[in-house]
Amino acid sequence: MHKTKHKNGVLIFVAPVAHKFAIIGDSGVHSRCGDAFWRDVAAEMTGHFKKGEFTSGILHGIKKAGDLLAQHFPHNPDDKNELPDDIAHD
């Protein structure tokens with residue numbers, strides 16, 4: 001996550017069995033939004049999770065992070081995907 005040119009990686013980690021999750025932005029993106037943004041997104045995701053809307057909660061977090069990235073790190077024609085988009089699960 002910390003190996004992008006602009007330090008703008010975002011990780012959403014969900015541990016369903018432990019009933020825990022985290023949404024974390026690298027230093028470049030975090031410096032643009034601060035702790036309040038991540039707390040708000042986490043609270044919104046928690047609201048979905050408490051209603052059993054797990055997919056909606058994850059998609060909401062992805063959308064909010066994507067909107068933030070689009071605002072502060074707009075796409076350039078020479079951009080390349082610097083991180084894998086793999087989903088890891090047990």
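Leaving aside its neighbours within four places in sequence, with which residues is Asp 26 in contact?

1. In this predicted model, Asp 26 is in contact with Met 1, His 2, Thr 4, Lys 7, Asn 8 and Gly 9, once its neighbours within four places in sequence are set aside. The residue is placed in the loop between β2, which covers 20-25, and α1.

2. Asp 26 is buried and has no salt bridge, and the nearest side chain of opposite charge, that of Lys 7, is 4.9 Å away. Because a salt bridge requires a side-chain nitrogen of Lys or Arg within 4 Å of a carboxyl oxygen of Asp or Glu, the Lys 7 side chain at 4.9 Å does not qualify as a partner of Asp 26.

3. Turning to the strands, β1 (residues 10-15) pairs with β2 in the antiparallel sense, over 6 bridges, and Ala 15 stands opposite Lys 20 in β2. The hairpin that β1 and β2 form has 4 residues between the strands, and in this hairpin His 19 takes a positive phi near 60°.

4. The largest nonpolar core has 10 residues, namely Ile 23, Val 29, Cys 33, Phe 37, Trp 38, Val 41, Met 45, Phe 49, Leu 68 and Phe 73. Helix α1 (residues 27-50) gives the most to this core, contributing 7 residues. With residues up to four places away in sequence not counted, Cys 33 touches Trp 38 and Leu 68.

Definitions and conventions:
Residues are numbered from 1 along each chain as its sequence is written. This is a predicted model: local features need pLDDT of at least 70, side-chain atom pairs count only at pLDDT 80 or more; totals for chains, interfaces and linings use all residues. Side-chain values use heavy atoms; hydrogens and water are left out. A nonpolar core is a set of buried Ala, Val, Leu, Ile, Met, Phe, Trp, Tyr and Cys residues joined through side-chain atoms within 4.5 Å. Buried means under 20% relative accessible area, exposed over 50%, partly exposed in between (1.4 Å probe, protein chains only). Helices (H or I, at least four residues) and strands (E, at least two) are DSSP runs, numbered from the N terminus. Contact means heavy atoms within 4.5 Å. Lys and Arg count as positive and Asp and Glu as negative; His and the chain ends are not counted. Two strands pair if DSSP finds at least two bridges between them.
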